[in-house]
Amino acid sequence: MSDRWEPAAFQARVDGIVHTFLAEESRQLLRIDQALRPVAEQLRRAAAHGKRLRAAFCYWGWRAAGQPDSEALLRAAASLELVHAAATVHDDLIDDSPLRHGLPTVHVALRSALTGRPRAGAVARDLAMLVGDHLMALAGRLFADCGLPAAYLARARTLWGDLARELIAGECLEILHTGGRPDTDTSLKVIRYKTAKYTVEQPLLLGALLAGAAPDLRAGFSAYGLPLGEAFQLRDDLLGLFGDPVHTGKAPLDDLRGRRPTALLARAWQAAPPDSREELAGTLGRPDLDEEDLARVRELLVGLEAPKRVEEMIDTRVRKATGVLDGLAVPAPARRALSALAHSATDRRH
């Protein structure tokens with residue numbers, strides 16, 4: 001790969017690794033029993049899409065530490081896309097989301113594959129849980145078998161464990177706070193652990209640790225990565241409610257029906273007078289919400305300037321991250337790539 005950041009070419013390389021790896025794993029499952037075909041198919045499909053941002057941050061963490069392009073490193077970076085796939089399968093299952101990338105989520109697709117079977121819905125959910133579990137296990141295997149020297153991998157082993165723990169902690173915190181009173185500090189903590197760290201900061205640190213980067217560079221990556229990861233998820237919150245489903249590939253009523261602890265709803269609640277709070281309280285969590293309810297909530301939130309406040313939160317975090325990047329002693333190609341990634345991760349429609 002050249003020193004010029006070419007997102008499409010990079011994504012194609014990562015896609016190739018992920019697709020080949022999961023195709024072989026699917027074949028191994030089918031050798032056990034052909035009845036596993038729906039599971040094998042969803043294992044492949046669960047990781048078939050995505051912007052490959054986590055792999056990109058890992059790659060440029062490696063390159064920023066002065067290392068050259070490496071197929072072995074790219075395999076290690078691709079393992080983070082399996083972590084993400086596992087997280088989305090579990091997240092969609094917990095939230096009972098029907099769509100991901102405009103396609104049926106794993107538990108919904110499996111339910112269709114089990115039509116006519118007793119308890120098809122419950123069986124599909126059980127199988128989806130196991131697909132997510134297996135993807136997480138496969139991520140560890142792809143990372144461990146990437147081809148980098150054992151001494152390199154040993155430098156990153158502790159962080160890999162931290163990543164898994166903090167991702168689970170963030171998911172648990174979201175579950176524990178779902179349905180509660182919207183609160184900005186709580187929402188930001190959920191964002192930090194559920195998404196921000198494993199999307200930007202920890203991939204960067206993994207690449208840097210694998211490369212043998214010095215502590216001061218790793219500290220700079222944390223200072224850049226954490227606010228940028230938070231901005232990424234804040235953008236996701238906005239797109240989840242205000243985005244075009246054609247582009248986002250997600251159902252816009254999910255956050256409202258689930259009464260999830262998003263910063264967008266927390267900002268609205270904070271700014272709302274008593275009558276608006278009463279209206280929000282009567283809307284959030286209702287399973288029968290329709291497009292008319294969605295339009296009314298959007299109107300209410302815009303009137304309370306909640307989207308504007310979240311945009312300001314995003315802008316503040318992006319400026320903080322890019323300001324840190326400007327002060328890091330990294331090669332020019334890595335600086336350009338990380339600057340481009342900061343903007344593509346937060347200025348998007350899906």
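A pocket, on a 1 Å grid over the protein atoms alone, is an open set of points with protein on both sides within 12 Å along at least five of seven lines, and its lining residues have an atom within 4 Å of a point. Volumes here are the space filled by probe spheres set on the points, which are joined across faces, edges and corners. This is a predicted model, where local features need pLDDT of at least 70 and side-chain atom pairs count only at pLDDT 80 or more, while totals for chains, interfaces and linings use all residues. Residues are numbered from 1 along each chain as its sequence is written, and side-chain values use heavy atoms, with hydrogens and water left out.

**View A. The second largest pocket holds about 300 Å³ of space.** Of its 20 lining residues, Arg45, Ala46, His49, Arg100 and Pro104 sit closest to the centre. H4 is the top contributor to this lining, with six residues; H2, strand S2 (103-104) and helix H5 (106-113) are also among the elements that each supply at least two. (Helices are DSSP runs of H or I with at least four residues, strands are E runs of at least two, and both are numbered from the N terminus.) By class, the lining splits into nine nonpolar, six polar and five charged residues. For the classes, Ala, Val, Leu, Ile, Met, Phe, Trp, Tyr, Cys and Pro count as nonpolar, Asp, Glu, Lys and Arg as charged, and the others, Gly among them, as polar.

**View B. The largest pocket comes in at about 870 Å³.** Its lining has 42 residues, and those closest to the centre are Asp91, Arg100, Gln233, Asp236 and Lys250. Here the lining has 16 charged, 15 polar and eleven nonpolar residues.

**View C. Asp15 and Arg52 join their side chains in a salt bridge, at 2.7 Å from N to O.** Asp15 belongs to helix H1 and Arg52 to the loop between helix H2 (37-46) and helix H3 (53-64), so the pair ties together parts 37 residues apart in sequence. The structure holds 28 salt bridges, each being a side-chain nitrogen of Lys or Arg within 4 Å of a carboxyl oxygen of Asp or Glu.

Conventions:
1 Å grid on protein atoms, 1.4 Å probe; cavity = no way out; pocket = protein on both sides within 12 Å on 5 of 7 lines; lining within 4 Å.
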